[in-house]
Amino acid sequence: MDRTGGSGGGSDRRQPEESKPLLGEMSAPEGNKMGAAPCRRALLHCNGMRYKLLQEGDIQVCVIRHPRTFLSKILTSKFLRRWEPHHLTLADNSVASATPTGYMENSISYSAIEDVQLLSWENAPKYCLQLTIPGGTVLLQAANSYLRDQWFHSLQWKKKIYKYKKVLSNPSRWEVVLKEIRTLVDMALTSPLQDDSIHQAPLEIVSKLLSENNNLTTQDQESIIVAIAPLLENNHPPPDLCEFFCKHCRERPRSMVVIEVFTPVVQRILKHNMDFGKCPRLRLFTQEYILSLNELNAGMEVVKKFIHSMHGPTGQCPHPRVLPNLVAVCLAAIYSCYEEFINSRDNSPSLKEIRNGCQQQCDRKPNLPLRLLHTSPDLVSQEATLTESRLKPVIVTANEIHVEVERNNTANQKMTASVGNDSEPNLIDCLMVSPTCSTMSIELSAQADRILGCYVEILKMLSDYDDWRPALASLLQPIPFPKEALAHEKFTKELKYVIQRFAEDPRQEVHSCLLSVRAGKDGWFQLYSPGGVACDDDGELFASMVRVCNNVHILMGSCYKTKKFLLSLAENKLGPCMLLALRGNQTMVEILCLMLEYNIIDNNDTQLQIISTLESTDVGKRMYEQLCERQRELKELQRKGGPTRLTLPSKSTDADLARLLSSGSFGNLENLSLAFTNVTSACAEHLIKLPSLKQLNLWSTQFGDAGLRLLSEHLTMLQVLNLCETPVTDAGLLALSSMKSLCSLNMNSTKLSADTYEDLKAKLPNLKEVDVRYTEAW
C-alpha cells in the first residue's frame, strides 16, 4: 500500500480541505448513515480542554485497505482485523513507528493524509482516530478519550504546519501569502494545544520566509509584522526574526510598527529573559529598539518614559529581571561603540597609556637599552630611602616603559628613613624617564557617539531609582567596560553622574561598591580620584566617596575596618588627600587628622608634611589643634625643623605649593619633587626660599626659562635637577652654568641645542650624569 502518494478521490459529501478552515470543528451532517450500522463522528466542542503537543507515544494501530464504496460495510463489522501496538513518533514530515514492521513498516507522510477524524463505535465503544489515506484507512486506538483527543489535535497540528511550510516556502503572490500567514496565526491562537512550540512554529515559518525574501516592500514587511504580532505577546521572536526586526528598527525607526508592535515584545523580553548569552539576538533587538525610540522627535524623553514603564509607578519594581537585562543591553551597546578600537589593539597598551597618551608603534623612537630601577614619577624622593645594594637593575627597552601618573606611595610611607641621613641617592633614577609621548585621542563616529550618549543616559536614569541603585552598583562594581571606554574623556565624564549617585546614597550596600571588587584591582574609587584616569575635577567626587566610605566604617563601630580603610588611602591616595586638604576640603582634613590619630603614617617626613598641610588652612589648623590636645607628641615632630623630603601631589598648582610652603618651617628640606604637577615658573619665587634644597624634580611640569634663571641665581647648592619634558629652551638652560654644584642634570625631551649642551659641559665641572635623549644634542 502506497501511503506517501498524492491524495485520492473522495466522495461528494467530503468537503475539500483547502476550502475548510485549517483548525475548526469536524462534524458529519446529523443523521448521516454509513451502511447498515451507523457510525457517528464525534463533534468537537470548545469545552476549554487543553492538551500538550504529542511528539511520540504508544497506541494501537489497524490498517484497512478498501475502496471507499465499501468503507461503511467494513466499519460496521463487529470483528476488525488484528490491532498492532506501536510506539509512534510525530516527526516534522511524517508519522513513523519505532518498530517499522507490520502495518507501520513504512512511515505515513502528512501530505498523504487526506483527513483526520474522531470515531466512536455504537456497539463496542473504542477511542479511535481515522486517518484517511489513498487506498485505505489507518485506525488509531488510544487508551482513553483524553489521549484520543490529544492524538487527534497533535496530528491535526503537525499536518497543517507541514502544509504551511510547503505553501510559504515558495510564495508567488504576496497578498495570498499574507492571508495564509493570518490564517496560520489564527490557527495557533485558537489551538487547544498548550505548548511552547505551538506559537514558535508559526514564528519560525515566517522568520524563514522573511530571511529568504529580501525584496519585500516596506508595506509588505509591516503587514507581516502586524499579522504575527498576536503571537509575540507571549513568545520571544526566534533569532532570524530578531534580525528582521533589528533591520526594520534601523531603516524605519519612526514607523508606528516600532511603537505599537515592538514595544510589548521588548517589554516581555526585559521582564522574562534569563540569559542574553543564550539568545544574543534578543539583546541586539532590544538595543536597536531603544535606539529607534531615541530617533523620535522627543528623543530621550521617549526613552525615559519607556524606562519608567518598565520600572512601574510604585517605589519597587515588580520584575526582578528588568534591571539586569537593561544593564546587559547598555553594556553591550557601549562595548560596540569601542569595538573598532578594541579590535585594532596593537601591543595592548595599558589603560593609563591610552589616557595619558602613547606613541604608536611605528612612531616610537628606536629601542634603547636602559637601566630602570623604579618607574614611579617621584624618583628623587623615593631614592633617598633606597640604597644601591637593595636594588636589582632590570634591562628594558624604551618602548616598554609606561608613564604612570599615579602610583602607590607605599614605599614613601612604609620605608622609614632617619632625618638627616647623609647617604647620597643613586642619581641615575632621577634622570630615568620614558620617551616623549604623543597624545592618543579616541574619536567615535557620529553613529557610535549617538549610541554612547543614549545608553550612558539610560545608566543615569537607572541610577535615579532608589530600589534599583543597590543592584546597579553591584553590577557595575567590577567596572565592566573596555579600557578604551575608560580612556575616553566623554564617557567617563558622563558616567560620573552615576558614580556620584552611588556616593550620595546613604546605604552601605550601594557606596561600598565604589571600592574594588577584589584586592589588586582598581575600583571606581581609584578611577575617579585625583590622578586617576577618569578624574576631571579637583577631587570633589573623590572627597564625597571618601566621606561616605569612612562614615560607614565609623558608624559600624569597627576600629579595625576604619584603620584598614585609612591605611588603603595612605598607601594609594595620600597625595590626592593632601592636595584636597590643602585646598580646604573638610572631609580630607578629617581624613588626615584620623591618619595621625590612628598612627597610620610611620615616616616622620610624611607626618611633618601632613601637619604642614593641615596648618595651611583655617579648618585644618583648628582640627589639628584639637588633635594635638589629645596627642601632645605630634607637636614634638614639628619642632625638629620640618621634613627633609617633600612630594607634591599630582595636579597641584602654584597656589597649592605657595600655601604649603607658607604653612610651616621647611628649613631642612633637601629633596623636593614637583613631578607631574601643574606648577609654572611662578613657583620659583617660593623655591628660592629653600636654602637647603639639593634635589629638585620638575619632570613634566610647565616650569620655563624665567623660573630657571631665578633658580640659577639663588639655589647655587642644587646638585640634582630634573627638567625632563619641560618647555625650557637654550635661553634658560644657559643660566645653569652658574650652578657649579650640579652633578646630575636631566634635559630629556627639551629644546636643548648641541651648542648649549657643549657650553654647559665646559662650565659645569662637577656634572657627571646627563640625560639629553630626544633632543638636538642626542
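Student: In which sense do β3 and strand β4 pair, and over how many bridges?

Tutor: This is a predicted model, in which local features need pLDDT of at least 70 and side-chain atom pairs count only at pLDDT 80 or more, while totals for chains, interfaces and linings use all residues. Residues are numbered from 1 along each chain as its sequence is written, and side-chain values use heavy atoms, with hydrogens and water left out. Helices (H or I, at least four residues) and strands (E, at least two) are DSSP runs numbered from the N terminus, and two strands pair if DSSP finds at least two bridges between them. Here β3 and strand β4 (residues 94-97) pair in the antiparallel sense, over 3 bridges. A hairpin through 3 residues joins β3 to β4, and Leu90 has Val95 in β4 as its bridge partner.

Student: Which strand is joined to β3 by 6 bridges?

Tutor: That strand is β2, and β2 and β3 run antiparallel. Within this pairing, Ile59 has His86 in β3 as its bridge partner.

Student: Which residues of strand β3 form its covered face, and which its uncovered one?

Tutor: In a regular strand the side chains alternate between the two faces of the sheet. In strand β3 (residues 84-90), Glu84, His86, Leu88 and Leu90 form the covered face, whereas Pro85, His87 and Thr89 form the uncovered one.

Student: What is the strand order of the open sheet of 6 strands?

Tutor: The order is β11-β12-β13-β14-β15-β16, with parallel pairing. Its edge strands, each pairing on one side only, are β11 (645-647) and β16 (769-771). On average, neighbouring strands of this sheet are turned by 5° against each other, direction ignored; such angles run from 0 to 180 degrees between N-to-C directions, with axes as lines fitted to C-alpha atoms, for helices over the stretch in contact. Strand β12 (residues 671-673) runs parallel to β11 and is joined to it by 3 bridges. Thr647 stands opposite Ser673 in β12.

Student: How many aromatic pairs does the structure hold?

Tutor: A pair of aromatic rings is described by the distance of the centres and the angle of the planes. Rings of Phe, Tyr and Trp (its six-membered ring) pair if their centres lie within 6.5 Å; planes under 30 degrees apart count as stacked, over 60 as edge-to-face and the rest as tilted. The structure holds 15 such pairs. The pair of Tyr51 and Tyr146 is tilted, because the ring centres are 4.9 Å apart and the planes stand at 40°. Tyr51 lies in the loop between β1 (40-41) and β2 (56-65), and Tyr146 in helix α2 (residues 145-169), so the pair ties together parts that are 95 residues apart in sequence.

Student: Is Tyr51 buried or exposed?

Tutor: Buried means under 20% relative accessible area, exposed over 50%, and partly exposed in between (1.4 Å probe, protein chains only). Tyr51 counts as buried because its relative accessibility is 5%. Tyr146, with a relative accessible area of 35%, is partly exposed.

Student: Which residues do ring pairs link into a cluster?

Tutor: The cluster consists of Tyr338, Phe481, Phe491, Trp524 and Tyr528. Both Tyr338 and Phe491 are buried.

Student: Where is Ile479 placed?

Tutor: Most residues other than glycine have a negative phi, and most peptide bonds are trans. Ile479 is not a glycine, yet has a positive phi of about 55°. Ile479 is placed in the loop between α17 (469-476) and α18 (483-486), and counts as buried at 11% relative accessibility. Ser700 also is not a glycine and has a positive phi of about 55°. Ser700 is found in the loop between β13 (695-697) and α31, and counts as partly exposed at 24% relative accessibility.

Student: With which residues is Ser712 in contact, leaving aside its neighbours within four places in sequence?

Tutor: Contact means heavy atoms within 4.5 Å. On that basis, leaving aside neighbours within four places in sequence, Ser712 is in contact with Ala735, Ser738 and Met739. Ser712 belongs to helix α31 (residues 705-714) and counts as buried at 6% relative accessibility.
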